[in-house]
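Please examine the model shown below.

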Amino acid sequence: LTAVHEAGMYGLYSSVRDGRETWSGAAGVADVRTRRPVSPQMRHRIGSITKTFTSVAVLQQVERGRIELDAPISRYLPGLIPGERGQKITVRMLLNHTSGLADHLLGAFPSFLEGSTRSLDDNRFRRFAPEELVAFSLKEPPVGEPGVAPGNYSNVNYVIAGMLLEKVTGTDVESYITRHVIRRAGLRDTSYPRTPFIPGPHSKAYESYYGLIDPPRDYSVYDMSWAGAAGAIISTMDDLNRFYRALLQGRLVGPAQLAQMQTTVPVRAAGGVIPHYGLGLYAADLPCGRFWGHDGGVFGMGTISLIRQDGLRQLSLGQNLMKYQRFDENGEWLPSPIDDALVEYYLLAACGSGTPLSKNGGSFTPFPTQENLLRR
């Protein structure tokens, strides 16, 4: 962790588990001005790891017979996706990103199309309705045919999944996930926020946006309605390990639904193709075995949480500086010492010191779902 901090990351914190042994640590600062240090138990915006929580909630309703995975979304939300597409796109296609629906983020943050981060500041306290986000997506051309792999990673799929949950349960998505997923997993420091603020001890969230924001600016206070059921949840690294352990142990959904979650397709994302994406989680093949989990990136905070297939080895890590990378004149990412140090840390935390740590052994990308919305 110290090596990652020394490579340029402001602050990061992590929790690792091997059987009954656990370790937590932190390195760097939570506030670059006051030099307040980070600590292992800080609350953190986990971004797209929220998708696993939302998928679990949907699969719980599948178990109850209220939702069918292969039913068209138009059965539950008629008229939301007009025409033939609404009949073709199924619940499963939303959860594994094979719906072909474009992401809504450029509609919510239009200045990115101009090479500007102005929208990022304009929207700090803006409240988006889910229907508004879906409308942004539908204004864009489809990015694929429904059900055809490889899929295309799109946050709007999980915005719609949240709307589906509200329709079939008769309660808002925040309350349902809190009651039936967060509390059921025994998570004490995890919440689905209703305000722009992070409750409890937390770091600031520094966003560089590939050098457009220099020095990086704090976005820890932010209305997360732009992400909703796709990326709004706040948690800690210990809680994330506890959550994925509960999932693999069958305490959140039964074996049949867990098997559905682990049925994968290739999905294109900003970090390349994710070869094994399931329903709200993906498989990462590391030198010491197959891990399941997800990563998440919001403005100023990045997270990854992985658990080995046997459930014995886990790691979760949060960091407080995002899009620190730079591009060359051809628009290609330049190598970052932070990324190199992160991969070394992930492999050590996942596999232990007794495993040869070849960066190429697992073809591991730290944040495969991180979005690059910038147009220059």
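Is glycine 25 buried or exposed? The model is a predicted one, and in it glycine 25 has a relative accessibility of 8%. Because buried means under 20% relative accessible area, glycine 25 counts as buried. Glycine 25 is part of strand β2, which covers residues 21–28. Leaving out residues up to four places away in sequence, glycine 25 touches Leu1, Tyr13, Ser14 and Pro40. The C-alpha atoms of glycine 25 and leucine 1 are separated by 7.8 Å, although these residues are 24 residues apart along the chain.

The next topic is the packing of helices. Two packed helices are described by the angle between their axes and the distance between the axes. Helix α2, made of residues 50–63, packs against helix α8, made of residues 156–169, at an angle of about 35° and with the axes 10 Å apart. This crossing is left-handed. On the side of α2, the contact is made by Lys51, Thr54, Ser55, Ala57, Val58 and Gln61, and on the side of α8 by Tyr158, Ala161, Gly162, Leu165, Val168 and Thr169. By class, the residues of this contact are six nonpolar, five polar and one charged.

Threonine 54 belongs to helix α2, and because its relative accessibility is 0%, threonine 54 counts as buried. A polar atom of its side chain lies 2.7 Å from the backbone oxygen of alanine 229. When neighbours within four places in sequence are left aside, the residues in contact with threonine 54 are Tyr158, Ala161, Gly162, Leu165, Ile177 and Ala229.

Helix α2 also packs with helix α10, which runs over residues 237–248; the angle is about 35° and the axes are 12 Å apart. Here too the handedness can be stated: α2 passes α10 in a left-handed crossing. Thr52, Phe53 and Val56 of α2 meet Leu240, Phe243, Tyr244 and Leu247 of α10 in this contact. Its residues comprise six nonpolar, one polar and no charged.

What of the nonpolar core? In soluble globular proteins, nonpolar side chains tend to be buried together. In this model, the largest nonpolar core holds 121 residues, and among these Phe53, Trp226 and Leu247 touch the most other members. Helix α12, residues 337–351, gives the most to this core, with 10 residues. Apart from residues up to four places away in sequence, leucine 247 touches Thr52, Val56, Leu252, Val253, Leu258, Met261 and Leu281.

The backbone itself remains to be considered. Alanine 149 and proline 150 are joined by a cis peptide bond, with omega about 0°; proline 150 lies in the loop between α7 (130–139) and β4 (151–152). Another cis peptide bond runs from aspartate 214 to proline 215, with omega near 5°. Proline 215 is in the loop between β5 (206–207) and β6 (217–218).

Tyrosine 209 is found in the loop between β5 and β6 as well. Although tyrosine 209 is not a glycine, its phi is positive, at about 45°. With 1% relative accessibility, tyrosine 209 counts as buried. Lysine 323 likewise has a positive phi, near 55°, and is a residue other than glycine. Lysine 323 lies in the loop between β14 (321–322) and α12. Is this lysine 323 buried or exposed? Because its relative accessibility is 5%, lysine 323 counts as buried.

Methods. Residues are numbered from 1 along each chain as its sequence is written. This is a predicted model: local features need pLDDT of at least 70, side-chain atom pairs count only at pLDDT 80 or more; totals for chains, interfaces and linings use all residues. Side-chain values use heavy atoms; hydrogens and water are left out. Axes are lines fitted to C-alpha atoms, for helices over the stretch in contact, and angles run from 0 to 180 degrees between N-to-C directions. Helices (H or I, at least four residues) and strands (E, at least two) are DSSP runs, numbered from the N terminus. A crossing is left-handed if the near helix is turned anticlockwise from the far one by less than a right angle, and right-handed if clockwise. Contact means heavy atoms within 4.5 Å. Ala, Val, Leu, Ile, Met, Phe, Trp, Tyr, Cys and Pro count as nonpolar, Asp, Glu, Lys and Arg as charged, and the others, Gly among them, as polar. Buried means under 20% relative accessible area, exposed over 50%, partly exposed in between (1.4 Å probe, protein chains only). A polar contact is a pair of N or O atoms within 3.5 Å; within protein, one must be able to donate a hydrogen and the other to accept it, and residues adjacent in sequence count only if both atoms are side-chain atoms. A nonpolar core is a set of buried Ala, Val, Leu, Ile, Met, Phe, Trp, Tyr and Cys residues joined through side-chain atoms within 4.5 Å.
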